[in-house]
Amino acid sequence: MAVIATGLEGQKGGSGLRHRLQRVGTAVTMSQRIALTVQGAVMEVSPGIRPYDLELTPAHAVACKVDGEVVDLTRPLERAGAVDFLTFDDDEGKRVFRHSSAHLLAQAVKRLWPQARLGTGPALAEGFYYDIWLPEPLQESDLEQIERAMAEIVAEDLVIERVELEREQALALFAERDEPFKLEIIRRLPEAAVISAYRQGDFIDLCTGPHLPSTGWIKSFRLTNVSGAYWRGEETNPMMTRIYGTSFPEPAQLQQFFERQEAAKRRDHRKLGRELDLVSFFDDAPGFPFWHPKGQQLYRVLEGFSRDLQQQNGYQEVSTPWIYRVGLWQRSGHWDHYRDNMFVIDRDDQLMGLKPMNCPGHCLLFGAKTRSYRDLPLRLAEYSPLSRYERSGTLHGLFRVRGFHQDDAHLFVGEEQIGAEMKRVLELVDIVYRAFGMRYDVVFSTRPEDFLGDLSLWQQAESELESVLQRSGLKYRVNPGDGAFYGPKLDFHVIDALDRRWQCATVQLDFQLPVQFDLSYTDQEGKVRRPVIIHRAIMGSIERFLGILIEHYAGAFPLWLAPEQVRVIPITDGQAGYAAAVQGALRERGMRSAIDASNQKLGYKVRAAQLAKVPVMLVVGARDEAQGTVSVRSREVGDLGPRAWPDYLQELVSSAQAPLT
Ligand SMILES: [Zn+2]
Ligand SMILES: [Zn+2]
């Protein structure tokens, strides 16, 4: 590590984001200096220096972390410690940027309607909102006016300043400003809480922060919609106007965001699911998809792909019950921790629960036999139906359902097998996601404070997991302390064609369930030992993964996955027999096809196949029949001309193989 003794001079690199914020210099002697580790480099600086003024501050920094705590770039550094910068590309950096945008919005509303009373204004995953009480609720048509006021405040480039307040000071300040909701928040704060507010010009907001250094940084924003929301979500409280918006450092990013949103709307799987005749939902069974023949075909292909892959990798498929007595759920811990998400049946004076997960069933199977080290790793896979109760307001197409299936498996391993087995799991995850052309990254969640089990086992497992991750070359992030109490876990986020991230695979080590089910095996020395369970699903819910795939491909599935791979299109009724023969040959080779025998003109039939996103069309006319050819059209490329039949069939069959299996 480089040791850099730095002064405060020097120009920061030019950037659209940087603005005229003045850098502060202080004259100090060496003896007063503190040691900082800035982005991994050790340096000595004068106490009181602002992170913004450090030599190593990246041009695009929006906030920083001091010893893990996210703070303002302008918060003076008084003690030795580690400083890491956050940019808009970091989730935490985004939150600072978006939350500062919420303050900007609130300031604009106060300028336009001084009688407005402020609620709260958090950042969201893709933007921000602010809840504001107004004598007259706002309309969408008011948004433009607010945006103009926001733009003025951005142009004024007001310095955003943190102020810490005594409780009485805070109460007096917000009483004077007549902000009843802020007063309520202050009164609910614990006695010892540090109360802070952020000031920008004449606007001041009660807030823990952190914030951007000035309003001029919010170069690009848009308000998107308004809705009503009760204060604190309680119906007896006043109704606030909730104003939503989003913001970015650069105008091009904002434009891209809205273009992507439009693209996402066009790809919405609920819309495409209807148009492509794949899936629908009925009020009679909320949250349960109805798969049409083509959708079911798609489902079967996807499930088959997973099944083949797992079989090749030493998994054994089982099928276990979907209704269990409540005693099992008590033993597994689901009754205490997951009951609200379960469908429960009361039958013959017995409570029974529909399974939300397969783990307890697999534990029963493992425990049903005397196990030895020769059985391990035992990899039990299952695709059977699962159900979870989700509130009706949260249901969302295939993305959030009540009835689903997983490409689920539980691996029973010895402690010393964890590393090797995890490596195999990671390889499998890679094969699956690459088959769909999806990039992905990993979040590694480690031991929480209230962990159960043996500390040394945790430490060994975590270090093995980390080294497997390192050797895999995967992009991963550690989430310290965020593991479950029963074991560390890996969450995989796939990145789709629109650059959206979806959490799909979870790989979870479990030291606890084997204890609850008293599972054991005898090792090579004849000693009785406890196995460790690895819970893992790669696609996760197959239903949800299909929803993601529909949007990822915009319904245009690759040949191997398409429910209808080939459409045979006779030009006239005269070729009906030949078309049937072509389809017969396709069927024999396992290709999924349909014949368009309608009376429509050729152009119409081709368009229909194109709209149905069928990858390959085989047009057959009188000349094709006479010469033993098919005229090939591809969905992407268009007309490929006549090809000899059945020679072309072999080509089709080989390009329809599932990738990488
Ligand atoms: Zn704030
Ligand atoms: Zn499980």
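## Basis and overall make-up

Because the model is predicted, local features need pLDDT of at least 70 and side-chain atom pairs count only at pLDDT 80 or more, while totals for chains, interfaces and linings use all residues. Residues are numbered from 1 along each chain as its sequence is written, and chains are lettered from A and ligands numbered from 1 in the order in which they are written.

The protein has 18 helices and 34 strands, taken as DSSP runs (H or I of at least four residues for helices, E of at least two for strands) numbered from the N terminus. Along the principal axes, its C-alpha atoms fill a box of roughly 90 × 75 × 60 Å. Of the 661 residues, 36% are buried. A residue is buried if 20 or more other C-beta atoms lie within 10 Å of its own, exposed if 12 or fewer, and partly exposed in between, with C-beta atoms placed from the backbone. Among contacts with a separation of 6 or more, 68% join residues 24 or more positions apart; a contact needs C-beta atoms, placed from the backbone, within 7 Å.

## Helices α1 and α2

Helix α1 (residues 91-112) packs on helix α2 (residues 143-156) at an angle of about 110°, and the axes are 8 Å apart. Axes are lines fitted to C-alpha atoms, for helices over the stretch in contact, and angles run from 0 to 180 degrees between N-to-C directions. The two helices are therefore roughly perpendicular (65 to 115 degrees; under 35 is roughly parallel, over 145 roughly antiparallel and the rest oblique).

On the α1 side the contact uses L104, L105, Q107, A108, V109, R111 and L112, and on the α2 side Q145, I146, A149, M150 and I153. By class this gives 9 nonpolar, 2 polar and 1 charged residues, where Ala, Val, Leu, Ile, Met, Phe, Trp, Tyr, Cys and Pro count as nonpolar, Asp, Glu, Lys and Arg as charged, and the others, Gly among them, as polar.

## Helices α11 and α12

Helix α11 (residues 418-435) and helix α12 (residues 455-472) pack at about 40°, with axes 9 Å apart. This angle makes α11 oblique to α12. Residues I418, G419, M422, K423 and L426 of α11 meet A461, E464, L465, V468 and S472 of α12. The contact has 6 nonpolar, 2 polar and 2 charged residues.

## The two sides of α4

In helix α4 (residues 180-188), F181, K182 and I186 are buried. They lie on the same side of α4, because they cover an arc of only 140° around the axis, the arc being that of the directions from the helix axis to the C-beta atoms. R187 and R188, on the other side, are exposed. The cover over the buried residues includes β7 (117-118), α3 (167-176), β10 (195-200) and β11 (203-206).

## A buried loop residue

L77 sits in the loop between β5 (69-71) and β6 (81-87). L77 counts as buried because it has 22 C-beta neighbours inside 10 Å. Leaving out residues up to four places away in sequence, L77 touches L36, P47, I49, P51 and V66.

## Backbone exceptions

Most residues other than glycine have a negative phi, and most peptide bonds are trans. A cis peptide bond joins G209 and P210, with omega about -5°, and another joins L376 and P377, with omega about -10°.

R232, not a glycine, has a positive phi of about 60°. K613, also not a glycine, has a positive phi of about 60° and lies in the loop between α16 (602-611) and β32 (616-620).

Terms used
Contact = placed C-beta atoms within 7 Å.
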